[in-house]
Amino acid sequence: MNQPLTKPAITPPPLSCDTHAHVFGPAHRYPFAADRDWTPPDRPVSEYAAMLDSLGMARGVIVHSSSHGTDNHVTLDAIAHMQGRCLGIAVLAPEVSDLELELLHEGGMRGVRISTMLKSAMGVQHIEAMAGRFRELGWNIQLHFDRAEEIIELAPLLRRLPVPVVFDHMARARGGAGVQAPAFQTLLKLLRDCDHCWVKISSWYRLSDQGPPYDDMRALAEAALEARVDRVLWGSNWPHPLLKGPPPDDAQLLDQFQQWAGSARQTVLVDNPARLFGFA
């Protein structure tokens, strides 16, 4: 079920960026991977563009879905369709060639997603070996955890990487665990200590243990903003894949985040994504 488009009560700053969304299909043109975890409904780039327009967002970052495997054409074509308005994050096999990386970069890709939750060809065991190749392109690594506790074991490795590391969905920290949870404290320490570590405040509606209006997530979001406001991003997670039940209202989520961010809205919604992804 698609959520009707609504407008936020708080107008975002000019050149604001949604740093986390996906596009799916149409399947007849962009087949899904044979070994995918799930089969999403078609949610093409035209629908994403309409959602951005409704929110008043000038820019977006399209994160390639593992349901399409390592064939990044659906995301590359979506970036081209958006005519400079969007950039992307790829899903890659560890044996990807230098030529393919160059072509992906030319097509608007600016990083790679590695997930411990969903199937993707590159796992965390490949991070260090691949980081030098990504550094040459100016790319970042986006980490999508299955469990927040994974950040604790990976922290020593992440500290020494030569490329930006972005923790998707607040590194999977849950509202019920609270700010003092060891995993979330590890995230905050990485943000404070490491200029190359970033966090996306996104998908908190999934991470809340209270449900709407997700008040248990506010303390976590505010702690991340306080720890390193110049390393925080915001993402819609449109079209809310793998969600059971009706999707949240995107405008209400944006309004909630803007209330949490307060005077930092310009920094998080405009300045940080422009610097990390290199929007012109």
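## Helix α4

In helix α4, which spans residues 127-137, the buried residues are I127, M130, A131 and F134. Viewed along the axis of α4, these buried residues fall within an arc of 125°, so they line one face of the helix. An α-helix has 3.6 residues a turn, so residues three or four places apart point the same way. The model described here is a predicted one.

The face of α4 turned away from the buried side carries A129, R135 and E136, which are exposed. On the buried side, the packing partners are α3 (98-106), β4 (109-115) and β5 (140-144). Just after α4 comes G138, with a positive phi of about 75°.

## The second largest pocket

The second largest pocket holds about 280 Å³ of space. Its lining is made up of 20 residues, and those closest to the pocket centre are M117, H144, R206, P241 and L242. Sorted by class, the lining has eight polar, seven nonpolar and five charged residues.

## Aromatic pairs

How many aromatic pairs does a search of the whole structure find? The search gives six. In one of them, F145 and F167, the ring centres are 6.2 Å apart and the planes meet at 35°, so the pair is tilted. This pair links distant parts of the chain, 22 residues apart: F145 is in the loop between β5 and α5 (150-159), and F167 is in strand β6 (residues 165-167). F145 counts as buried because its relative accessibility is 1%, under the 20% cut-off. F167 is buried as well, with a relative accessible area of 0%.

The rings of W204 and W260 have their centres 5.0 Å apart, with planes at 55°, so this pair is also tilted. W204 belongs to helix α7 (residues 204-207) and W260 to helix α9 (residues 250-261), so the pair ties together parts that are 56 residues apart in sequence. W204 is buried at a relative accessible area of 1%, and W260 counts as buried at 8% relative accessibility.

Is Q256 buried or exposed? Its relative accessible area is 12%, so Q256 is buried. Setting aside neighbours within four places in sequence, Q256 is in contact with W204, P213, Y214 and D215. Of these contacts, W204 is the α7 residue whose ring pairs with that of W260.

P213 and Y214 are both found in the loop between α7 and α8 (218-228). The peptide bond from P212 to P213 is cis, with omega near 5°. Y214 is not a glycine, yet its phi is positive, near 65°. Y214 is buried, with a relative accessible area of 13%.

## The loop between β8 and α9

P239 is placed in the loop between β8 (232-234) and α9.

The loop between β8 and α9 also holds N237. Although N237 is not a glycine, its phi is positive, at about 60°. With a relative accessible area of 2%, N237 is buried.

## Helix α8

Which residues of α8 are buried? They are L220, A221, A223, A224, L225, A227 and R228. R228, which belongs to the charged class, is thus listed with the buried residues of this helix.

What covers the buried residues of α8? The cover includes the helices α6 (182-193), α9 and α10 (265-277), together with the strands β7 (197-201) and β8.

Notes
Residues numbered from 1 in each chain as written. Predicted model: local features only at pLDDT ≥ 70, side-chain atom pairs only at ≥ 80, totals over all residues. Heavy atoms only, no water. Buried < 20%, exposed > 50% of the residue type's maximum accessible area, 1.4 Å probe, protein only. Helix = DSSP H or I, 4+ residues; strand = E, 2+ residues; numbered from the N terminus. Arc of directions from axis to C-beta. Contact = heavy atoms within 4.5 Å. 1 Å grid on protein atoms, 1.4 Å probe; cavity = no way out; pocket = protein on both sides within 12 Å on 5 of 7 lines; lining within 4 Å. Points joined across faces, edges and corners; volume = space filled by probe spheres on them. Phe/Tyr/Trp six-rings, centres within 6.5 Å; stacked < 30°, edge-to-face > 60°.
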